[in-house]
Amino acid sequence: MMQIHDLEKQQFITLFKEEGIDNIDERFTILETFLKTEKHITADDLSRLLADEGHTVETDFLRETLELMCHYGFAQENRFDNGRVLYEHRHLGDHHDHMICTRCGEITEFADTQLERLQEAIAARHGFHMLQHRMDIYGICSSCLKKRVPLMPLMLAKPGEKLIIREYLCGENLEARLLSMGLRRGDVIEVITSQGRGQFVIAVENKRYILGRGMAQKIMVEPIR
């Protein structure tokens, strides 16, 4: 990895000089600090790392440098499910995909040769010439899975989770209402939406249900592992 980073630094200086980009020394400091972390980071994260090393960098200059680094292929900008802009290294010839935990936000990089070949084969089968692609898998990481309690309110579930209804923490009237809607103990549900407008959208088999957050708080579910 050190050899790759050294090569990146050399190419950075050569390319930026050839393009007549100003303040190369200051921009090179940003690149060096960026290459020291293997995580996906925001511009603010990078600003804090620079400050920890004793470098003061104007926000606009930092963002401009990150844009240049992305433009010339030294960094890559990602927008995952929460919409935040995260930057990662972009090493030539290297491709990987991501698994993103919807609970803690942890991002895991992975590469699978068989998966890549399968995607190429699928594209070829459709007469499609694939130039580039990305795969982002959203779910729950092993650490968060270990922390999950056996039963939890439906309101805490994330989109895509499948759960089993176990208990109702409500009075007879509300329970009767849920039963009349078709929601019963033992039903396997899938969370469709859990944010926005205070609504909670779930599905049981081929039917969708819209619940208020107060109601979702009173339905106790068991995650399907």
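Lysine 162 stands opposite glutamate 190 in S8, and the strands concerned, S7 (residues 162-168) and S8 (188-193), pair in the antiparallel sense over three bridges. Here helices (H or I, at least four residues) and strands (E, at least two) are DSSP runs numbered from the N terminus, and two strands pair if DSSP finds at least two bridges between them. This is a predicted model, in which local features need pLDDT of at least 70 and side-chain atom pairs count only at pLDDT 80 or more, while totals for chains, interfaces and linings use all residues. Residues are numbered from 1 along each chain as its sequence is written, and side-chain values use heavy atoms, with hydrogens and water left out.

**The six-stranded sheet**

- S7 and S8 belong to an open sheet of six strands, ordered S6-S11-S7-S8-S9-S10, in which the pairing is antiparallel.
- Its edges are formed by S6 and strand S10 (207-212), each of which has a single partner strand, so one side of each is left without a neighbour in the sheet.
- Strand S6 (residues 152-153) is joined to S11 by two bridges, the two strands running antiparallel, and methionine 152 stands opposite valine 221 in S11.
- S11 also pairs with S7, in the antiparallel sense and over five bridges, with glutamate 167 standing opposite methionine 220 in S11.
- Strand S11 (residues 219-223) is largely enclosed by the rest of the structure, because four of its five residues are buried, where buried means under 20% relative accessible area, exposed means over 50% and partly exposed lies in between (1.4 Å probe, protein chains only).
- Helix H7 lies across S7, S10 and S11 and runs at about 160 degrees to S10; axes are lines fitted to C-alpha atoms, for helices over the stretch in contact, and angles run from 0 to 180 degrees between N-to-C directions.

**Leucine 183, beside the sheet in sequence**

- Leucine 183 has its place in the loop between helix H7 (172-181) and strand S8, and this residue is buried, with a relative accessible area of 0%.
- Not counting residues up to four places away in sequence, leucine 183 touches Ile165, Tyr168, Leu178, Ile202, Val204, Tyr209 and Leu211, a contact meaning heavy atoms within 4.5 Å.

**The three-stranded sheet**

- A further open sheet, of three strands, has the order S4-S3-S5 and mixed pairing.
- Strand S4 (107-110) and strand S5 (136-139) stand at its edges with a single partner strand each, so one side of each is left without a neighbour in the sheet, and the twist averages 20 degrees from one strand to the next.
- Strand S3 (residues 97-101) runs antiparallel to S4 and is joined to S4 by four bridges; the bridge partner of aspartate 97 in S4 is phenylalanine 110.

**Cysteines**

- A search of the whole structure finds zero disulfides, a disulfide being a pair of cysteine sulfur atoms within 2.5 Å.
- Cysteine 101 is buried, with a relative accessible area of 4%, and the closest cysteine sulfur, in cysteine 141, is 3.7 Å from its own sulfur, which is too far for a bond.
- Cysteine 141 is likewise in no disulfide, the nearest cysteine sulfur being that of cysteine 144, 3.6 Å away.

- The largest pocket holds about 450 Å³ of space; on a 1 Å grid over the protein atoms alone, a pocket is an open set of points where a 1.4 Å probe fits, with protein on both sides within 12 Å along at least five of seven lines, and a volume is the space filled by probe spheres set on the points, which are joined across faces, edges and corners.
- This pocket is lined by 17 residues (each with an atom within 4 Å of a point), of which Gln76, Arg90, Asp94, His95 and His133 lie nearest its centre.
- Strand S1 (75-79) and strand S2 (85-89) are the elements that give two or more residues to the lining, and the largest share, three residues, comes from S1.
- Histidine 95 is found in the loop between S2 and S3 and counts as partly exposed at 32% relative accessibility.
- Leaving aside neighbours within four places in sequence, histidine 95 is in contact with Ala111, Glu116 and His133.

**Threonine 33**

- Threonine 33 is found in helix H2 (residues 24-35) and counts as buried at 2% relative accessibility.
- Beyond its neighbours within four places in sequence, threonine 33 is in contact with Leu46, Leu49, Leu50 and Glu53.
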